[in-house]
Amino acid sequence: YYLKRDQIDLTDQGVLFQNTLILPIHIKTMDIFQGYQEANAPPHITCKSGFEKSTINIGSFYSFTYDPENPQNSLKELKKLGIQPKDKMIALSVLELIFNRVCGLSEKNLNGSEITVRKFNTASRSGWFFTDNQWLYLTSEFAITSSGIHEGWYCTSPNAYLYFNHNLTAEDAYWQMLDLLNLDFESASPILSITLLSMLRPFRREANLYPAPGMLILGPTSSGKTELATNLAHILTQQNGRLNQIFILQKSARDLKQAADTLSDTPLILDDIRNSPASSLRQNIAAVMDSIVRSCFLEDSAYYLLPILTGECDALNKQLPSWRNRMIEVSLDASPDSMNQRRELIGQLHRHPLLVRTFVRYFLQFILNIWKDHGTAHDILHMDPAELEEELSDFICRPEQNQRSYDNLLMSLWSFELFIQYGVTLGV
């Protein structure tokens, strides 16, 4: 059926076609979802639109979905709610016309009551997306933009919630981060560097920097490895916000794929890598390491994650030698003085579980503002590897061997310099 706009009326009693009641629904709001597939690809419009409506018989509010690619499902959903139009073809044509009008395909309004339109942009995974000449960092509830939080963009991942303290200013969050680092700088600063590095993928790529390393946190039992990793590097969580829900390396590769499949541009914490006497356990760890974990380091990977592993001091002895090239190793000192400092740091992190995540939320906005103001990240983000190496050479010269380890250190230095530059910008 070809329906003209002036033949449709939206009333409190329902949708009328030529003054005949076609659908006994009072459409109040319409949500339009536009889905993005890849970070640098143009948007793919799925436009699944939810209508909030009330039946005139029940007077209650429900929701159903209109998908232009499969409009028959709309009638099936309405049928489950007890709504069956007399003429299905006319009903579908009416829904299509309403959908097209409200989606902005025509600037003219339909006759009758106003429809509240809310537009959302969604993606299947977290992290960085480039659209409308700007970068956005997507979480499960909102996007971080150069102007702050935008609830019109989000990802559908169940594991990418970023909780933060709305009452804490950027300056206060930074001051408190400095206080944390001062408690145990030697343990906390390298973990923070890799955490920030994992969330800077598009800017690393812009300048063709060295490959970003992961991190291996080593230490004896009860030295605080897992506590430091989860409290300093677990940024995106499940909806409950718990930091201790991380992946244990003894689980299968399939379990890890399920946990990480919708995440990107964040650390991937992998707990308890070990040199086990059980061959089956060693084989399982090796399978996980050589499949999903290895792919995290690839710039064209589906994951875009940097792994942070915790384990005992001989954790990599039975793994391939190439792993040492991909990791910055942090060995936690188990002396009584160091343990006391670390306990104090962990205690502060427990008392302020939102602090690091609040800092990261402001830090990403800072990076986006640099990009917005300058259009490029080369100069302002200090991305020249030669300059980095010149700075580092004042303290540590590039060795003849272990070249990759030196490159890893340069990348960590670059990330920490951004942390310092952010504080300078804040006036801290």
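Reply: Leu409 is partly exposed, at 33% relative accessible area. Buried means under 20%, exposed over 50%, and partly exposed in between, with a 1.4 Å probe and protein chains only. The model is predicted, so to speak of local features needs pLDDT of at least 70, side-chain atom pairs count only at pLDDT 80 or more, and totals for chains, interfaces and linings use all residues. Residues are numbered from 1 along each chain as its sequence is written, and side-chain values use heavy atoms, with hydrogens and water left out.

Leu409 sits in helix α13, residues 403–426. Helices are DSSP runs of H or I with at least four residues, strands are runs of E with at least two, and both are numbered from the N terminus. With Phe395 and Ile396, Leu409 makes a nonpolar surface patch of about 320 Å² accessible area together. Such areas come from the Shrake-Rupley method with a 1.4 Å probe, and for residues only the protein chains shown count as cover. Patch members have over 30% relative accessible area and no salt bridge; nonpolar side chains (Val, Leu, Ile, Met, Phe, Trp, Tyr) are joined within 5 Å, like charges within 9 Å. A salt bridge puts a side-chain nitrogen of Lys or Arg within 4 Å of a carboxyl oxygen of Asp or Glu.

The largest nonpolar core has 95 residues, and Leu256, Phe359 and Phe363 touch the most other members. Helix α11, residues 355–374, gives the largest share of this core, twelve residues. Another core, of 23 residues, lies apart from it and includes Ile8 and Tyr66. A nonpolar core joins buried Ala, Val, Leu, Ile, Met, Phe, Trp, Tyr and Cys residues through side-chain atoms within 4.5 Å. Beyond four places in sequence, Phe363 contacts Leu196, Leu200, Leu418, Phe419 and Tyr422. Contact means heavy atoms within 4.5 Å.

Next, strand β10, residues 134–138, which holds Leu138. Leu138 is buried, at 2% relative accessibility. Beyond four places in sequence, its contacts include Ala123, Phe129, Trp153 and Cys155. A polar atom of the Ser140 side chain lies 2.5 Å from the backbone oxygen of Ser157. Not counting residues up to four places away, Ser140 also touches Tyr154, Cys155 and Asn159, among others.

Note on methods
Polar contact = N/O pair within 3.5 Å; in protein donor to acceptor, adjacent residues only side chain to side chain.
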